[in-house]
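Open your viewer and get ready to click along. Here is a short tour, one selection at a time.

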Amino acid sequence: MGPERNSNIFAISIMSKDRIGIIASISKKIVEIGGDIADIRQSVLCGYFTMILLVAFPHATKKEEIESKLSSVNNLYEEPLLISVKQVDVKINDSAVVPVEHNYVLTVTGRDQIGFVASITCFCAENGINILDLSTTRKNELYIMILFVDISHSEGINKLRDSLTNLQNETGFEIVLQHYNIFQAVNEINLPLI
Amino acid sequence: MIRPNEFLETVDMIQKEKLDVRTVTMGINLLDCHRETVSETCQAIKEKIKHQAADLVNVCNQVGSEYSIQVVNKRIAVTPIANVGAGFTKEGFIEIARALDDAISEIGIDLLGGFSADVAGGSSFSDLELIASIPEALTQTKRVCSSVNVGSSKHGINLDAVNLLGRTIKELSEKSKENSGFAAAKFVVFTNQPGNNPFMAGAIHGNDQPEIVINVGVSGPGVIARALERKINQNPHMTLNELAEVIKHTAFRVTRCGELIGREVARKLSIPFGVVDLSLAPTPEAGDSVGEILQILGVDDVGAPGTTAALALLNDAVKKGGVFASQSVGGLSGAFIPVCEDKVLADAVKKGALTIEKLEAMTSVCSVGLDMIPIPGSVDANTISAIIADEMAIGMINSKTTAVRVIPVPGKDAGDFVAFGGLFGESVIMAIHNIGKSSRFASFGGKIPAPIFSLKN
């Protein structure tokens, strides 16, 4: 049995130049102090390693104890990992149930420029769009943002499309908002249940 | 999670490659609308259609907006009217056609199919009265489409009906001569007509169908064309089997979109979902052409040697991709080659590259037949009947659906130009060879017996 879930949860973030064995060494240290990893997101951005974990620790475990345990992996490396640890008040669900009705994908394409991400994310914030997942990519000279969003707090799909058309005219970016079901339907073997 | 390039391909498919849902067609059983008199029957038909389909247009538009995939046409298919109006005369059937037209005009439906009869095994009194009413019915109405099934692999071909319909087509054309014979574009003759085809002019709600159903026709020639171009640009040395894979994968995606939209419309209307028709249906718009796909597959002019083989590959790959994508596939499900409605095909006719004989060969490997072909107004009824008989024979022997929709254009000859407007398109009038040389064949009448299904060769 692991520690009681939903009691003593910490968010841990790790950043470093990418190399082999980072996740292995961190997860081994977590096990040594009885931590149960509930969720991980890990990504390598242009050769730079980033990871965020949610871990449930035994009731008595303190922040300092975790920090010192994890920092001990730095003895192995020339360039130390940047580690931050914070206790958080979240619930760890056994399965993440995402209601799909309001889930859309916003795709924005334009020339790379300062403020690209800011202009789009500010628009989202002002229009009640919650960003669930965001990634960017490059194609030829263009910068492309793909945002997985929940629009259930917006003023409705039709008004949102009008606002996006205005934003498109103002910025010159190509902006497309499309229901997530379409992406699932055309890219996955299973047809989404509706 | 879906990978970024998959997101981007999907966005391009819908935004740039003209993916839409060509039609959502509601099938409605009208058999219970038969009453003692014609006017009571008309009233019952109007009430039932308006009741069942009142929200069809709104719901299609709403779902189209939610998904930003347009449903281009909202249509209705009804029980073949020869059955609904059994016992009525020609005048009664004309009145029913007007009632159908009134009902769908009021609720914003684009077209209605099912002013139809099935005479493959022989004609009933009602079938003959309905056929006699077709020229008047289609010229007095705007949105009603008519079809007659004259043959099947099981019953053979009813040549008496074929002869009759050659004259019907001439009459349709003459009665609408101020519109270049357009009424004939709303009429199609079939062999092995399916009862769940959502496309016009041949949609009917077959007697083997549920009370009410939603069927969907996808489009997508543009999407397939762009996908092929992209892959060939990346690798000019692709082989035909590799290109067939590209078509298959793209057809999967196109079909999935149609299925998603169709099921959502059906769910919102609380009506069972029927089938997705996998046909690649072109429009006269540039970049939305089946002919263009054949050119991309290496045939410089549609009609040149290689065209039939390329079309066979295309048609088969579309089916393979689509069948896996959809829970239920039906209707015609194949590439359409309607001359007026496909710019590249119309251009090939203009250049003289594509002839009616080559089109006939092409129809043996694809759906659905000699479709939207303008022919000289002077072609006689017997020659038209013989053209129909040839095409029906291809369907009968090969156990597939074939159809003929030719439009004799009054006062015009081969090489002249005709435009019908909108989705019906435009083309140069196709030359018909050997006119008047089939009269003895047609005059025998009777039936072509059903074929044998063993000793295949």
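Start by selecting B:Ser270, which sits in the loop between α9 (240-269) and β8 (273-277) of chain B; helices (H or I, at least four residues) and strands (E, at least two) are DSSP runs, numbered from the N terminus. This is a predicted model, in which local features need pLDDT of at least 70, side-chain atom pairs count only at pLDDT 80 or more, and totals for chains, interfaces and linings use all residues. Residues are numbered from 1 along each chain as its sequence is written, while chains are lettered from A and ligands numbered from 1 in the order in which they are written.

Stay on B:Ser270 and look at its backbone: phi is near 55°, a positive value in a residue other than glycine. Is B:Ser270 buried or exposed? B:Ser270 is exposed, with 7 other C-beta atoms within 10 Å. (Buried means 20 or more other C-beta atoms within 10 Å of the residue's own, exposed 12 or fewer, partly exposed in between; C-beta atoms are placed from the backbone.)

Next, select B:Met372 in strand β9 (residues 369-376) of chain B. Phi of B:Met372 is also positive, near 50°, but B:Met372 is buried, with 25 other C-beta atoms within 10 Å.

Now move to B:Met200 and B:Ala201, which are joined by a cis peptide bond with omega about 10°. B:Ala201 belongs to the loop between β6 (187-191) and β7 (212-218) of chain B.

Finally, zoom out to chain B, with its 15 helices and 13 strands. Of its 457 residues, 59% count as buried. Its C-alpha atoms fill a box of roughly 65 × 50 × 50 Å, taken along the principal axes.
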